[in-house]
Amino acid sequence: MDRLYRIFADYYNRRDFRQFQNNLSKETYEALANSYSNSHNEVKTVTDMCDTLNGKSFDKLNFYSRKIHGTRSFVEFSNQDKPVTTEMADMAIICVATKDKNVVFEKITFVQNKKEDTINNWKIDQDQLYLLRNFPTITGKKGLFKKNYKDEIVFLNHSENLGTYGLFKSPGEMVLANAKTIHGLQNETKISFSDLKNHIDTVNERTSNHFPFFGFDHPFWEEMIYRMFKHFPKYGLPLFDLPFLNNNSSSLNVYDFIRNWTLFNIGEVCNVGGNIIDNDLFVITSVLLREAGLGNIINIEGDQAALENNIVLLVAHLNLDDKA
């Protein structure tokens, strides 16, 4: 884990890494603007964005995008006292670090993408929001979850960032916010960009005092990292608001999203140091990584069923091998 932190600390302080992030953001904006001007189709917009991100790399970081075709995936749960069946999400974002093909750190979030219904406003399905906000006990009814679980599914969602919304707006912009934020800011069944902006800016002002690390010259840094992950593996570092490997709940624009994704700030932790934090979540993450074509570079355990599902995968992979 010490090596993982040191690599991200090095990236964060490098001019060429920030330039890489900026270039990737610019390319994403170009893809979104082109998609918005030529199509009003949400699926086409998401696909164009993901195609732009696929195949990019920086040093030990590689980025992948895959569109899996098949049946839609539905789950059943209770919304208050009523049984509900709804789709889980249409995209998953994964951040994974490996050493000798073994997973040493892994995060995931399930994303429901939405294009604006009216200018700067999105209509939110309340049953799906209830699912992504609360993650009650679910059972698979069709597709992805039905094929990979025999029993009820319980996701821990310690970070409250397992359920996320990707909100696309004209002329080619994306806002990423967790379901808790959407739930708190919506007016009846709609969420507005102005409310999101005011909330996200306020939160960022309160949490902008990142720990000033320059070289990590603490004499017991490795021991400190070990103990923090031993006692707080679900939450990352409890004492510092580091700008990487963090639990960022929102990205106001494409630049925020790219920087958070490339620094592993997005998603719920399910594996730390080879220790599985959430087994149910680890199962589905392994299925998605295999379907993303990473089975040749990541050791994926288990006998999960083949995935036939309409879902887009975005994967950031950090290879910690010495010769990578």
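**The largest cavity and its surroundings**

Lining the largest cavity are Asn 161, Thr 164, Leu 176, Ala 177, Asn 178, Asn 248, Ser 249, Ser 250, Ser 251, Asn 260, Ile 266 and Gly 267. A cavity here is a set of points, on a 1 Å grid over the protein atoms alone, where a 1.4 Å probe fits but cannot get out, and lining residues have an atom within 4 Å of a point. Two elements give two or more residues to this lining, namely strand E10 (173-178) and strand E12 (250-251). E10 gives the most, with three residues. Helices (H or I, at least four residues) and strands (E, at least two) are DSSP runs, numbered from the N terminus.

The model is predicted: local features need pLDDT of at least 70 and side-chain atom pairs count only at pLDDT 80 or more, while totals for chains, interfaces and linings use all residues. Residues are numbered from 1 along each chain as its sequence is written, and side-chain values use heavy atoms, with hydrogens and water left out.

Turning to the whole chain, we find 10 helices and 15 strands. Of its 324 residues, 52% are buried; buried means under 20% relative accessible area, exposed over 50%, and partly exposed in between (1.4 Å probe, protein chains only). Among contacts (heavy atoms within 4.5 Å) between residues at least 6 apart in sequence, 72% join residues at least 24 apart.

Which residues have the most contacts inside the largest nonpolar core? They are Met 88, Phe 110, Phe 145, Phe 155 and Ile 182, in a core of 50 residues. Helix H10 (residues 279-291) supplies the largest share of this core, six residues. A second, separate core has 46 residues, including Leu 24, Tyr 36, Phe 63 and Val 104. Such a core is a set of buried Ala, Val, Leu, Ile, Met, Phe, Trp, Tyr and Cys residues joined through side-chain atoms within 4.5 Å. Beyond its neighbours within four places in sequence, Phe 155 has contacts that include Met 88, Phe 110, Phe 145, Asp 278 and Leu 281.

Finally, the backbone. Most residues other than glycine have a negative phi, and most peptide bonds are trans. Ser 170 and Pro 171 are joined by a cis peptide bond, with omega about 5°; Pro 171 lies in the loop between strand E9 (163-169) and E10. Glu 160 has a positive phi, near 65°, in the loop between helix H5 (144-148) and E9, and is partly exposed at 31% relative accessibility. Glu 188 also has a positive phi, about 60°. Its place is the loop between helix H6 (179-185) and strand E11 (190-192), where Glu 188 is exposed, with a relative accessible area of 70%.

Notes: 1 Å grid on protein atoms, 1.4 Å probe; cavity = no way out; pocket = protein on both sides within 12 Å on 5 of 7 lines; lining within 4 Å.
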